[in-house]
Structures are given as C-alpha cells and as structure tokens.
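Here are my comments on the model you sent. Please read them next to the coordinates.

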Amino acid sequence: MVEAAIVSTAGAVGLAAYAVRGRSSQLLAPSIWHGDRKRPSLALTFDDGPSESTPALLEVLAKHGVTATFFMCGRNVRRCSEIARDVVAAGHEIGNHTESHAPFYFKSAEFIYREAALAQESIFQITRVNPKLFRAPYGVRWVGLRQAQARLDLTGVMWTAIAHDWKWPGPRVARMLLKRAKNGAILCLHDGRAIQRTPDIRATIEAVEFAVPILKERGFTFETVSQLCGL
Ligand SMILES: [Zn+2]
C-alpha cells in the first residue's frame, strides 16, 4: 500500500526518488548502508564482476591482505567461472547483484524476483556459495524487491559512499575513498561494468592500491560486509 502510494503520486517525486535510490531508504526494500560506527573498520565492496579484469584486483587485495565483498552478476559468474571461484578461494564474501544487471525501474515483481533468484542459482552452481547479501543494480529498489529479498533470505546492501570509478580517474577515486572512509563505512567500487567483457578497471585498481595503505596507517582494518555489520 505504502509502496504503491509512493510511486504513483505525481507530487511526491522527491520522496519517490529517495525511496528508490536513497542510500538509507527502507521504503521499498530493507537495506543496510553502514556497519558499526564505533570500530575503525571499513568494507570495500566491488560490483558487476567477476570480469576478465578481476584477477589484477585480486592481486592488489592479496598484496595488502584485504578481504572484501564482491556483488556478482550471474551472467558474469557463468562467463568467468574460474575467476568467480578464485574470488571465493581468496576468502572474499560473495553477494548477489542480479543475473543480468537490468535496472528495476518499472519492472514487475516477478521480473525482480527472477533476476535475484537466477543469480542466486548461477552463483551457487559455479562457486557453491549461497549468497546472503543483495545489492540492486544502480542502487534502484522497486516494488517487489522487499518480497524477493525475503523469499531468498537476502539482506539488501547499499553503501555509505559510492566511488564513481566507472568514470573518474584513479587519483580522484582514491581521494574520494580517503575522504569518505569513516568507522563502519561501506564503500562501493566496481570490478566490472554491468555484463561487459574485459572492462577497463584500471582506475579502480589504481585507487585501491593508493588508498588502502594510507587507510591502514590511519588505523582502519578491512572486513567483509557481514563482519562489518555483525550479520
Ligand atoms: Zn552494478
């Protein structure tokens, strides 16, 4: 009822935009967007993978002893199955980022459920991991997502800050990470570009390589989203 009223009231455009895309909005589907603010811990999250470019990122994370959370698309997991298994073997957490990365705007509840359920199946078949976390493509929550998350026992995850690493150069992404890193922050980056092959993620890798040692010096440790949020 509340959901229908929000999306159908022409005068409530601002509220509707917040409901759909606001990082802290709980109106269309419950989502966490930060962890424990008392501990100096951060969660790096990487969306849209795995991709042919992911191994270079895994190397950087391993070099710095950082454990992260990867929100994977089912189609990418099927295309890059070995890489998906390497992410798991390296000790990272896996989340669901839908099968095909289609935005949920104006989609039916059935479509939304199917996108989440198919990805859940793809990820399990290839990696034997049953994800507990879900991130909506483009951060777009829509009517029906609440029920889909509940049916699949998924916790929605947004972010404290999103790095525009798909369009910003590495140094700018790094500055943003350094500025927005606070206790309990969930930081959103990308190791893919939707379901593209061989995406250019050099800016992401450069930013992680630069920012992680500085953040460690500041006393931060890196955790998976489940650890950070005590799930
Ligand atoms: Zn995405």
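The points below cover the metal site, the salt bridges and a charged patch.

1. Keep in mind that this is a predicted model.

2. The zinc site comes first. Asp48 (OD), His97 (NE2) and His101 (NE2) coordinate the zinc ion at 2.0 to 2.1 Å. The donor spacing in sequence is D-x48-H-x3-H. His97 has a relative accessible area of 1%, so it is buried. His101 is at 6% and also counts as buried, because the limit is under 20%.

3. Next, the salt bridges. The count is 10. Arg79 pairs with Glu52 at 2.9 Å, N to O. Arg79 sits in helix H4 (residues 74-79), while Glu52 is in the loop between S2 and helix H3 (54-63); they are 27 residues apart. Arg79 is partly exposed at 24%, and Glu52 is partly exposed at 31%.

4. Lys63 and Glu209 form a salt bridge at 2.8 Å, N to O. Lys63 belongs to helix H3 and Glu209 to helix H9 (residues 202-217), so this pair ties together parts 146 residues apart in sequence. Lys63 is exposed at 58%. Glu209, at 28%, is partly exposed.

5. Arg202 meets Asp200 in a salt bridge at 2.8 Å, N to O. Arg202 is exposed, with 62% relative accessibility; Asp200 is partly exposed, with 45%.

6. Last, the surface charge. Arg23, Arg37, Lys179, Arg180 and Lys182 form a positive patch. Of these, Arg37 lies in the loop between strand S1 (31-32) and strand S2 (41-49).

Terms used: Residues numbered from 1 in each chain as written. Predicted model: local features only at pLDDT ≥ 70, side-chain atom pairs only at ≥ 80, totals over all residues. Heavy atoms only, no water. Patch = residues over 30% accessible without salt bridge, like charges linked within 9 Å, V, L, I, M, F, W, Y side chains within 5 Å. Areas by Shrake-Rupley, 256 points an atom, 1.4 Å probe, with all protein chains shown as cover. Salt bridge = Lys/Arg side-chain N within 4 Å of Asp/Glu carboxyl O. Lys, Arg positive; Asp, Glu negative; His and termini not counted. Charge placed at Lys NZ, Arg CZ, Asp CG, Glu CD. Helix = DSSP H or I, 4+ residues; strand = E, 2+ residues; numbered from the N terminus. Donors = N, O, S within 2.8 Å, 3.2 Å for Na, K, Ca; no water. Buried < 20%, exposed > 50% of the residue type's maximum accessible area, 1.4 Å probe, protein only.
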